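Here is a short briefing to read with the model open beside you.

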Amino acid sequence: NRCRVCFLFLPLSLGPSTTRAYSSQTGQMEPKGVLITGCDTGFGFSLAKHLHNKGFTVFAGCLLKDKGSDGVNQLDNLKSERLKTVQLNVCEDEEVEAAVQFVQGNLKDPEKGLWGVVNNAGISTFGEVEFTSMETYKEVAEVNLWGTVRVTKAFLPLIRRAKGRVVNITSMLGRMANPARSPYCVTKFGVEAFSDCLRYEMHRWGIKVSIVEPGNFIAATSLYSPERIKVIAEKMWSDLPEVVRNDYGKKYFDEQIAKMHSYCNSGATDTSPVIDDVTHALTAPSPYTRYHPMDYYWWLRMQIITHMPAAISDRIYIY
Ligand SMILES: NC(=O)c1ccc[n+]([C@@H]2O[C@H](COP(=O)([O-])OP(=O)(O)OC[C@H]3O[C@@H](n4cnc5c(N)ncnc54)[C@H](OP(=O)(O)O)[C@@H]3O)[C@@H](O)[C@H]2O)c1
């Protein structure tokens, strides 16, 4: 019990010094072309600007390019030959194929291929298994998992030519599961498996595949907002089968939503650890297989959950 209490209070006891050292040293290689998905907001938006500043030619895939989102306008306003936004819904075959054509047509030397693809686009939701509809499971998987597979497959011929890099953004929830996060976890665990298979297969082509597993940066991006949680919760409750609603009860349901609200208020606000890790994965001569931009609390929790017997880690963190 003493051990359990110690782990539970670790994030508080370490206080502000919970920031881990990250992979800040990036390689000095000749900047090349990179396509990033999901650049309207969040990590994708910051990454597009950061890589452009480092001299890369950036193809910023944006879900709302055709609707002129804030992110698209800001990127377009840079008016740089080396930063081009491109309409890209990762769920649509035609848009992905058009993006390949666009990139190919805008590369200085298409014969040399494209250096990198960063699969960043993603959506998230929450809810216990019995609260989550099949429609929701499929909706999240369509973007996070099948979108990553679709984009990767489409760009691999160009990446192969450059002996380049594939960087997939998963999550700490792609390594350790959490109650009430199954619709998200299954997709991120899926991308981890896909990335490992791809790494084995691409070795012979000289392509390196890295996975970046961010911790909680909710406060810094648009993945969740209190309004979004409210909307999801209301729909979830109204769609629940009668038997589930009665068995769990509204009090329990509301407690879980309150937990989600407090989780979302607890994230880091500085995204630079994630941006630096993706940059390292794209530029270092020997990039890591996995990057863990997260604070000490989540890092330790991930190590314990992935390496210790479940009988122990479940007691420390879950029950
Ligand atoms: N923030 C965190 O704490 C955290 C932690 C671990 C992992 N991640 C992962 O990091 C990645 C980026 O998320 P973020 O935190 O930066 O959240 P974000 O600000 O919501 O960024 C995700 C981006 O993906 C776009 N997108 C959604 N559906 C898409 C689709 N079908 N096709 C193309 N783009 C689509 C979104 O566009 P709209 O804004 O127009 O919907 C948004 O611009 C995600 O894969 C997420 O799972 C985030």
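**Around the ligand**

In this predicted model, 31 residues surround the ligand, and the closest are G38, G42, A121, G122 and T221.

*The shell*
- Helix α2 (residues 42-53) gives the most to the shell around the ligand, contributing three residues.
- By type, the shell holds 14 nonpolar residues, 16 polar ones and one charged residue.

*The nonpolar core*
- In soluble globular proteins, nonpolar side chains tend to be buried together.
- Here the largest nonpolar core has 61 residues, and V34, I36, A48, V58 and A60 have the most contacts inside it.
- Leaving aside residues up to four places away in sequence, I36 touches G44, L47, A48, V58, A60, G61, V118 and N120.

- Five of the five residues of strand β5 (residues 165-169) are buried, so the strand is largely enclosed by the rest of the structure.
- In a regular strand the side chains alternate between the two faces of the sheet.
- In β5, R165, V167 and I169 point one way while V166 and N168 point the other way, and all are buried.
- Strand β4 (residues 116-119) runs parallel to β5 and is joined to it by four bridges; N119 has N168 of β5 as its bridge partner.
- Strand β6 (residues 208-212) also pairs with β5 in the parallel sense, over five bridges, and its S210 stands opposite V167.
- Together with helix α7 (residues 182-202), β5 and β6 make a right-handed β-α-β unit.

Notes
Residues are numbered from 1 along each chain as its sequence is written. This is a predicted model: local features need pLDDT of at least 70, side-chain atom pairs count only at pLDDT 80 or more; totals for chains, interfaces and linings use all residues. A residue is near a molecule or strand if its C-beta atom, placed from the backbone, lies within 6 Å of it. Helices (H or I, at least four residues) and strands (E, at least two) are DSSP runs, numbered from the N terminus. Ala, Val, Leu, Ile, Met, Phe, Trp, Tyr, Cys and Pro count as nonpolar, Asp, Glu, Lys and Arg as charged, and the others, Gly among them, as polar. A nonpolar core is a set of buried Ala, Val, Leu, Ile, Met, Phe, Trp, Tyr and Cys residues joined through C-beta atoms within 7 Å. A residue is buried if 20 or more other C-beta atoms lie within 10 Å of its own, exposed if 12 or fewer, and partly exposed in between; C-beta atoms are placed from the backbone. Two residues are in contact if their C-beta atoms, placed from the backbone, lie within 7 Å. Two strands pair if DSSP finds at least two bridges between them. A crossover is right-handed if, with the strands pointing away from the viewer, the path from the first strand over the helix to the second runs clockwise.
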